[in-house]
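Let's take a walk through this model together.

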Amino acid sequence: MKIDGVFSGGGVKAFVFIGALQALEEKNIQFERVAGTSAGALFATLLAAGYTSKELKKIFMEISLDQFLDQSYIAKLFPFLKWITLYQTMGLYRGNYFEEWLRKKLSDKGILTFADIPADKLKIVAADLTFNQIAVFPDDLKDHYHIEADYFPIAKAVRSSISIPYFFRPAKMINPLTRQRSYLIDGMILSNFPLWIYDQHDKQRTRPILGMQLTDPNQHDQKRSIENAIDLLKATIDTMRKAFDTRYISENIAKDILFFPVKDIKATDFHLTDKQKLELIDFGYRRTQAFLMKWP
């Protein structure tokens, strides 16, 4: 069966997607189109490139995630410098290693730019801080940035989407016509679960849509206690991240959303052990199996 898939962000918690994909493959469920934000954008991209769950498990079990935490040579010698220079760099880690790593993985499948995959196969969501808007790759490249999507590296688009604020440095996009520079960060800031990309009210679905969300299914009913300025700041950021998607999900039937409530691991735990990786993969596999038994 062919379906469309939407993957949420959630950092290293996204290991559960590998197990979920294995369960879907066993039921001969394949993705026709995929979309995602942050870590979800990474897995959507690898799926669009043709990677299987078996290949993904091998890749991510072998790699040490802390390799993605790349710093300058001087910062490695003097770790405190990354905090001193944070004001100027706007991120503790450069993100260059990740982009180059992904470029090589895509190249192994004969893919570099959006011209190398079928049109509408992949959608990647980031947040453009310069223009205060959601940026969807490749859709917005021509209209917003005067860049031809056919020549734009997919790895660069994903690099934009995974730029966790202050953790990774923002990605930069320069409009070749106006020379305007845009700063792009993790799409989770504006839409962490872009189900709206494929589930549009004015269009009839051509195939089932399955959303994969790295949160608790009851998150929308949780209330936050605000007692001081710190609580207010945290609540403000959390509302920015979730409000748009929460309203959308609340107005639609949640039967097509597969929730993975990973609670004991943070999104930025880049020092996962092999045991933790396998536990996340197994959790994704078992939860997806149970979901498929009742999915209409």
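The model is predicted, and local features need pLDDT of at least 70, side-chain atom pairs count only at pLDDT 80 or more, while totals for chains, interfaces and linings use all residues. Residues are numbered from 1 along each chain as its sequence is written, and side-chain values use heavy atoms, with hydrogens and water left out.

Q289 lies in helix 11; helices (H or I, at least four residues) and strands (E, at least two) are DSSP runs, numbered from the N terminus. Q289 is partly exposed, with a relative accessible area of 35%; buried means under 20% relative accessible area, exposed over 50%, and partly exposed in between, for a 1.4 Å probe and protein chains only. Leaving aside neighbours within four places in sequence, Q289 is in contact (heavy atoms within 4.5 Å) with A23 and E26.

Is T288 buried or exposed? T288 counts as buried because its relative accessible area is 0%. A polar atom of the T288 side chain lies 2.7 Å from the backbone oxygen of G284. Not counting residues up to four places away in sequence, T288 touches A20, A23, L24, L258 and F260.

Helix 11 turns up again when you move to helix 3. In helix 3 (residues 53-62), the buried residues are S53, L56, I59, F60 and M61. These buried residues pack against helix 1 (16-26), helix 2, helix 7 (96-107) and helix 11 (274-294). Helix 9 (residues 154-161) is mostly covered, with seven of its eight residues buried: I154, A155, A157, V158, R159, S160 and S161.

Next comes the cavity. The structure holds one cavity of 30 Å³ or more; on a 1 Å grid over the protein atoms alone, a cavity is a set of points where a 1.4 Å probe fits but cannot get out, and lining residues have an atom within 4 Å of a point. The largest cavity has about 240 Å³ of space, where grid points are joined across faces, edges and corners and a volume is the space filled by probe spheres set on the points. Its lining has 17 residues, and G11, V12, A39, L42 and F270 lie nearest the centre. Helix 2 (residues 39-48) gives the most to this lining, with three residues.

For a contrast in topic, turn to a hairpin. Strand 4 (residues 122-128) and strand 5 (residues 133-137) run antiparallel and are joined by five bridges; two strands pair if DSSP finds at least two bridges between them. A126 has A135 in strand 5 as its bridge partner. Four residues lie between the strands of this hairpin, and N132 takes a positive phi near 55°.

Finally, step back to the protein chain, which has 11 helices and 10 strands. Of its 296 residues, 51% count as buried.

Terms used: 1 Å grid on protein atoms, 1.4 Å probe; cavity = no way out; pocket = protein on both sides within 12 Å on 5 of 7 lines; lining within 4 Å. Polar contact = N/O pair within 3.5 Å; in protein donor to acceptor, adjacent residues only side chain to side chain.
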